[in-house]
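Look at the model below and follow the chain along its helices and strands. The text then takes a few parts in turn.

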Amino acid sequence: MSEPGYLRIGDVLPNVQCDSSAGAFDLYEYKGDGWLCLCSHPADFTPVCTTELGRLSSLVPDFAARNCKVAAISVDGAESHREWIKDINETQNTDVQYPILADPDRRVANLYGMIHPNAPDTMAGKLTVRTVFLIGPANKVRMMLTYPASTGRNFHEILRVLDSLQLTDVHKVATPVDWKSGEDVVILPNISNDEAAEKFPGYTTVKPYLRTTGDPSKQ
């Protein structure tokens, strides 16, 4: 078993090749030049994971609209994944088409820091926690969220963060608390008032450091 890794926002996600529910898998090749949402799951044939992978399947068009592919990983083998997908499709009324990476030796899970030995409900680190990575076009980690094994993810939050990242990559703004696409954003503090007036006509000054404007992607 490989030594556990530790990834941080801004790090390049190492490429991996492994087996998957869809056959031989190369992460960089699959991802291409777009975005990737990669989710780890503690184990096949478990209740929370079944609901999560079903919901993720139903949201594939929403991710695709944002030029983002999806993939999952657990520490089970590819044949187990293929059998489990039948249950997911049946119980969650979906048709899983994205790959589930096979990682029975925990090589990928350790490389990506998905094994947390002290986390509850992971059999002392034999199973992964629920980690989510958003990987940008340059193969860098842009967001990482880790949930305990007992708590299912909120994929709408992940889509919200993806919207924020794609917006702020283009415009000199940040997104405030509970922001959703189309709502007002805040202007970066390092933007002068003169530049703000040019880029964001009619912006609002709440405090010198807190200036708001409409979502520039909708204008």
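Two strands count as paired if DSSP finds at least two bridges between them. This is a predicted model, and on that definition it has an open sheet of four strands, in the order β8-β9-β11-β10, with antiparallel pairing. The edge strands are β8, residues 173-174, and β10, each of which pairs on one side only. Strands of a sheet pair through backbone hydrogen bonds, in a parallel or an antiparallel way. Strand β9, residues 185-187, runs antiparallel to β11 and is joined to β11 by two bridges. Valine 186 has threonine 212 in β11 as its bridge partner.

Between β10 (204-207) and β11 (210-213) lies a loop that holds tyrosine 209. Is tyrosine 209 buried or exposed? Tyrosine 209 counts as exposed because its relative accessible area is 61%, and exposed means over 50%. Together with Val206 and Leu210, Tyr209 makes a nonpolar surface patch of about 310 Å².

Helix α2 covers residues 47-58, and its 12 residues reach 17 Å from the first C-alpha to the last, close to the expected 16 Å. Its buried residues are Cys49, Thr50, Glu52, Leu53, Gly54, Leu56 and Ser57.

Helix α4 covers residues 78-92, and its 15 residues reach 20 Å, close to the expected 21 Å. Buried in α4 are Ala78, His81, Trp84, Ile85 and Ile88. An α-helix has 3.6 residues a turn, so residues three or four places apart point the same way. The buried residues of α4 pack against α2, β4 (68-74) and β5 (100-102). After α4 comes asparagine 93, which has a positive phi, near 55°.

Notes:
Residues are numbered from 1 along each chain as its sequence is written. This is a predicted model: local features need pLDDT of at least 70, side-chain atom pairs count only at pLDDT 80 or more; totals for chains, interfaces and linings use all residues. Side-chain values use heavy atoms; hydrogens and water are left out. Patches are made of residues with over 30% relative accessible area and no salt bridge: like charges are joined within 9 Å, nonpolar side chains (Val, Leu, Ile, Met, Phe, Trp, Tyr) within 5 Å. Accessible areas come from the Shrake-Rupley method with a 1.4 Å probe; for residues, only the protein chains shown count as cover. A salt bridge is a side-chain nitrogen of Lys or Arg within 4 Å of a carboxyl oxygen of Asp or Glu. Buried means under 20% relative accessible area, exposed over 50%, partly exposed in between (1.4 Å probe, protein chains only). The expected span of a helix is 1.5 Å times one less than its number of residues. Contact means heavy atoms within 4.5 Å.
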